[in-house]
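Please look at the sequence and the three-dimensional structure shown below.

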Amino acid sequence: LPNNLLDLDNSVEKNIPLLAEAKNTQPDKLTACVLKRSRHEKIIQSLEKLNVKINYIQDGDVTGVISVVDNNSNTDIYLGVGGGPEGVLAAAALDCLGGQMQTRLVLNDEEEINRAKKLGITDTSKKYNIEDMIKGDVIFCATGVTDGDMLKGIKHKGDSFEASSFVLHKAQNLSKKVTNIIKK
């Protein structure tokens, strides 16, 4: 997809048709991944109005973001408000996988605004792309604790434990799922 095709300042009703056109399809053929939270009601209503299929997730928003660039997933876009650390983790993974992301801080009160300013953030409405959040080479690693769409959780095998991890390294163009066996 073209860089910066979609924009946070556009409505869902504007971004979804842009995405559909770029993918040479119709909005009702797209699938959006959304974390099932009340704060996403307006997004959900807009997606429903456009007849976009919605893949609701209960947790694991970083995994939801990664699903957009996963060839084994039918997710076309991830929409929602999440935490800052999760946004940086998702940006790291997308940087390794060639994805795109646009985000901004959502500051809910004066205390959060003041905390951001103490951290040196002068423009609290600035939009961030991956290049703004990730500089240079990056490594991303995630290990499943419980079963999820991307990874199996830790399994007790009697005399050992089995753990599944997803490892990415941008400079080495590495994308690998690894299973580790840990003996007791």
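A patch here is made of residues with over 30% relative accessible area and no salt bridge, where nonpolar side chains (Val, Leu, Ile, Met, Phe, Trp, Tyr) are joined within 5 Å and like charges within 9 Å; accessible areas come from the Shrake-Rupley method with a 1.4 Å probe, and for residues only the protein chains shown count as cover. One member, V145, lies in the loop between β6 (139–143) and β7 (155–156), and V145 is exposed, with a relative accessible area of 62%. In this report, buried means under 20% relative accessible area, exposed means over 50%, and partly exposed lies in between (1.4 Å probe, protein chains only).

Because this is a predicted model, local features need pLDDT of at least 70 and side-chain atom pairs count only at pLDDT 80 or more, while totals for chains, interfaces and linings use all residues. Residues are numbered from 1 along each chain as its sequence is written, and side-chain values use heavy atoms, with hydrogens and water left out.

The chain as a whole has 6 helices and 9 strands, where helices (H or I, at least four residues) and strands (E, at least two) are DSSP runs numbered from the N terminus. Its C-alpha trace spans about 55 × 45 × 35 Å along the principal axes. Of the 184 residues in the chain, 32% are buried, and the accessible surface comes to about 11600 Å², with 48% of it belonging to carbon and sulfur atoms.

Which residues of the largest nonpolar core touch the most other members? In this core of 23 residues, they are I66, F140 and F166. A nonpolar core is a set of buried Ala, Val, Leu, Ile, Met, Phe, Trp, Tyr and Cys residues joined through side-chain atoms within 4.5 Å. The elements giving two or more residues to this core are β1, α3, α4 (84–97), β6 and β8 (160–169), and α4 gives the most, with 6 residues. When residues up to four places away in sequence are not counted, I66 touches A93, L97, F140, M150 and F166, contact meaning heavy atoms within 4.5 Å. There is also a second, separate core of 13 residues, which includes V12, I16, A32 and V52.

L97, one of the residues touched by I66, is placed in helix α4 and counts as partly exposed, at 29% relative accessibility. Leaving aside its neighbours within four places in sequence, L97 is in contact with I66, V69, L168 and S175. L97 and N173 are 76 residues apart in sequence, yet their C-alpha atoms are 8.2 Å apart in space.

Just after α2, N51 takes a positive phi of about 60°.

How many salt bridges does a search of the whole structure find? The search finds 7, a salt bridge being a side-chain nitrogen of Lys or Arg within 4 Å of a carboxyl oxygen of Asp or Glu. Three of these pairs are set out in the table.

| D9 | K127 | 3.0 Å |

E13 is partly exposed, with a relative accessible area of 30%, while K49 is exposed, at 62%. For the pair of D76 and K23, which are 53 residues apart, D76 counts as buried at 14% relative accessibility, and K23 counts as partly exposed at 37%. Finally, salt bridges that share partners join D7, D9, R104 and K127 into one network.
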